[in-house]
Amino acid sequence: RLKPELVAGPDIGSLAAAWFWDKNHLSAILQADSNDESASRKITQAINNGQTGWESRWTWTQRAMTIW
């Protein structure tokens, strides 16, 4: 039986996210595209199979990028 509630927690959730990122070679998108906005759209497409919610994610990404 599947237990999707297990990935709601930070431990297994972060492992599941890392697995998905690696399995779908999302780091390659970041390495191949030097334009942050374009790369963000490509990552969103790969994860969501669409652009729903991209504007909000892009706003948060820009805020996070000021830290690093």
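Me: Where is the place of D33?

Reply: D33 sits in the loop that joins α2 (26-32) to α3 (36-48). Helices here are DSSP runs of H or I with at least four residues, strands are runs of E with at least two, and both are numbered from the N terminus. This is a predicted model, in which local features need pLDDT of at least 70 and side-chain atom pairs count only at pLDDT 80 or more, while totals for chains, interfaces and linings use all residues. Residues are numbered from 1 along each chain as its sequence is written, and side-chain values use heavy atoms, with hydrogens and water left out.

Me: Does D33 count as buried or exposed?

Reply: D33 counts as buried because its relative accessibility is 11%. Buried means under 20% relative accessible area, exposed means over 50%, and partly exposed lies in between (1.4 Å probe, protein chains only).

Me: Which residues is D33 in contact with, leaving aside neighbours within four places in sequence?

Reply: With those neighbours set aside, D33 is in contact with S38, A39 and K42, where contact means heavy atoms within 4.5 Å.

Me: Which side chain makes a polar contact with the side chain of D33?

Reply: The side chain of S38 does, at 2.6 Å.

Me: How many salt bridges does the structure hold?

Reply: The structure holds one. It is formed by the side chains of K42 and D33, at 3.0 Å from N to O. The criterion is a side-chain nitrogen of Lys or Arg within 4 Å of a carboxyl oxygen of Asp or Glu. K42 is classed as partly exposed because its relative accessibility is 44%.

Me: Changing topic, what is the phi of H25?

Reply: H25 has a positive phi of about 55 degrees, although it is not a glycine. Most residues other than glycine have a negative phi. H25 lies in the loop between α1 and α2, and it is exposed because its relative accessible area is 57%.

Me: And what is the phi of N49?

Reply: N49 also has a positive phi of about 55 degrees and is not a glycine. N49 lies in the loop between α3 and α4 (54-65), and its 66% relative accessibility is why it counts as exposed.

Me: Which residues is T44 in contact with, leaving aside neighbours within four places?

Reply: On that basis T44 is in contact with N49, G50, Q51, W54 and R57. T44 belongs to helix α3 and counts as buried because its relative accessibility is 5%.

Me: What about α1: how far apart are its end C-alpha atoms?

Reply: They are 19 Å apart, which agrees with the 20 Å that its 14 residues should span at 1.5 Å a residue. The expected span is 1.5 Å times one less than the number of residues.

Me: Finally, what separates the C-alpha atoms of K3 and T66?

Reply: They are separated by 37 Å, with the two residues 63 apart along the chain. K3 lies in the segment before α1 and is partly exposed because its relative accessible area is 45%.

Definitions and conventions:
A polar contact is a pair of N or O atoms within 3.5 Å; within protein, one must be able to donate a hydrogen and the other to accept it, and residues adjacent in sequence count only if both atoms are side-chain atoms.
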